[in-house]
Amino acid sequence: RKEIMINNIMKMKRFAVLLLILTIGYTARSQDNTRLQEAFYEAEYFLMRGDYSDALPYYQGIYAAMPDNASIAFRLGLCYLNIEGSKNMSIEYLEKASQQVTAKYREGSLRQTEAPYEAIFFLGDAYRINYMFEKAREAYSRYRETLLQSDIENLMFVDQQIATCINAPALMATPVKFTVESIDHIINDGNNNFFPVFSGDGKSIAYMTSMKFYDAIMFSRMVRNEWTPPVNITPELQSDGDHYVSFLSATGDMMLLSKDDNLNSDIWMSRYDGSRWEPAQKLKKEINTKYWEAHGFITEDGSTMIFSSDRPGGFGGLDLYTSKLEKDGEWGKPVNMGPEINTPYNDDRPFLIKNGTILFFASQGHTNMGGYDIFRSDMQYNGLWSKPVNLGYPLNNPDDNIFFFPTDGGKSGYMSLSGREEGAGKADIYRIRFK
């Protein structure tokens, strides 16, 4: 009996130890799941805001714990695809994600282990951006098969991406000749510097600089042939860091801006009163609607404004519109620039120079290398615009190229470039002179 009692006690002790181990294991797993879920929510928040660099480490941590989750691989690939200097790293994750796709994708769920069909499309983007054009064509064609035949808009867009994989090698075979000149390092600092606009007299510059938590609007004047230390005028404009400069007047005392909160965009204006910039004011309803309006630019004589909008009645996506200044000082009803310029895709960032006869703009359409390319069109003797011409490789490349500020009648201009040895930051502003 004593031996039976001892055996029973030992069995009870082993059972208690096993129960304790299981309980501890369950609690640990529960805590791990909680931490993963919290990390996922943080990552999704940053992804939704477009803060890919902030989302990336959270997804990396989740992926380390869930390496077979194609949905997380998709999100990792999406982050890398939107981080300058890291886009080549997106391929590995998007390739893995595109092997496990589903039409019934659930957004915002950590339990979702398969990726959406869009992973295949973004894999095509990743290949294209990294000059792997044949693989990009295959990925785009594969994604096209997932679309419904009634989805005309997306079918057309995918066909345009397939065409870019043919256009790009052809444009690369005849590169455009130009020189690149660095501007003062007092303008280019250790941050990303982009969207430069100059006053008509060339003595003022406004541009964007990426700060820690927002994009700042910087302003500098030329004094005794030197740029003054740039001033962050974002607080003067009473901006929350969501305004982007697009125009400076001839004497540098008036600017146009776009306010972009990811849901809507409108065109705003500010004037310099001699000591500081006034708070930005939204332009009236002839220019701004409930739709997306962005990047206003005014011709040298002040008579015409050009801007982009996706209001109804266009040719698709963002179109370019012009508006004439009326006698009462208000802007008149905007007029679409027509099918010679506008495409079924996005056409944006216009600059109308030389008395409104030369147009530079960014477009996802026309003869394109992928993403946005910069194009030029000239007003012809019959009043029609010439067929837009791609500025050429390597000014344009298979990635997005969306901002070129023309000077000297289009013989030169300014744009932001990254990865150059003489650069001070990640992306710096350079002057381009065409040969």
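## Surface and overall make-up

Accessible areas come from the Shrake-Rupley method with a 1.4 Å probe. On that basis, the protein in this predicted model exposes about 22,700 Å². Carbon and sulfur atoms supply 53% of that area. Of the 435 residues in the protein, 47% are buried.

The secondary structure comes to 7 helices and 23 strands. Taken along the principal axes, the box filled by the C-alpha atoms is roughly 110 × 50 × 45 Å. When contacts between residues at least 6 apart in sequence are considered, 48% of them join residues at least 24 apart. The side chains include 45 positive and 56 negative ones, and 6 Å separates the centres of the two sets.

Helix 5 covers residues 118-129. With 12 residues at 1.5 Å a residue, this helix should span 16 Å; the end C-alpha atoms lie 17 Å apart, so the two values agree. The expected value is 1.5 Å times one less than the number of residues.

Is helix 5 mostly covered or mostly uncovered? Helix 5 is mostly covered, as 10 of its 12 residues are buried. The buried residues are Ala119, Ile120, Phe121, Leu123, Gly124, Asp125, Ala126, Tyr127, Arg128 and Ile129. Both helices and strands take part in covering them, including helix 3 (70-81), helix 4 (90-97), helix 6 (133-144) and helix 7 (152-172), along with strand 1 (101-102) and strand 2 (115-116). Just after helix 5 comes Tyr131, with a positive phi of about 65 degrees.

Strand 11 spans residues 265-271 and is joined to strand 12 by 2 bridges, with the two strands running antiparallel. Across this pairing, Trp268 stands opposite Lys282 in strand 12.

## Backbone exceptions

Most residues other than glycine have a negative phi, and most peptide bonds are trans. Several places in this model depart from that pattern.

His295 is not a glycine, yet has a positive phi of about 50 degrees. This residue is found in strand 13, which runs over residues 293-298. The relative accessibility of His295 is 0%, so His295 counts as buried. The cut-off for buried is under 20%.

Asp408, likewise not a glycine, has a positive phi of about 55 degrees. It lies in the loop between strand 21 and strand 22 (412-418). Because its relative accessibility is 48%, Asp408 counts as partly exposed; exposed would require over 50%. The peptide bond from Tyr393 to Pro394 is cis, with omega near 5 degrees. Pro394 is placed in the loop between strand 20 (389-390) and strand 21 (405-407).

Where is His185 placed? His185 is in the loop between strand 3 (178-182) and strand 4 (193-198). Its relative accessibility is 47%, and therefore His185 counts as partly exposed.

Along the chain, His185 and Trp227 are 42 residues apart. Their C-alpha atoms are separated by 9.6 Å.

Conventions: Residues are numbered from 1 along each chain as its sequence is written. This is a predicted model: local features need pLDDT of at least 70, side-chain atom pairs count only at pLDDT 80 or more; totals for chains, interfaces and linings use all residues. Side-chain values use heavy atoms; hydrogens and water are left out. Two strands pair if DSSP finds at least two bridges between them. Helices (H or I, at least four residues) and strands (E, at least two) are DSSP runs, numbered from the N terminus. Buried means under 20% relative accessible area, exposed over 50%, partly exposed in between (1.4 Å probe, protein chains only). Contact means heavy atoms within 4.5 Å. Lys and Arg count as positive and Asp and Glu as negative; His and the chain ends are not counted. The place of a charge is taken as NZ of Lys, CZ of Arg, CG of Asp or CD of Glu.
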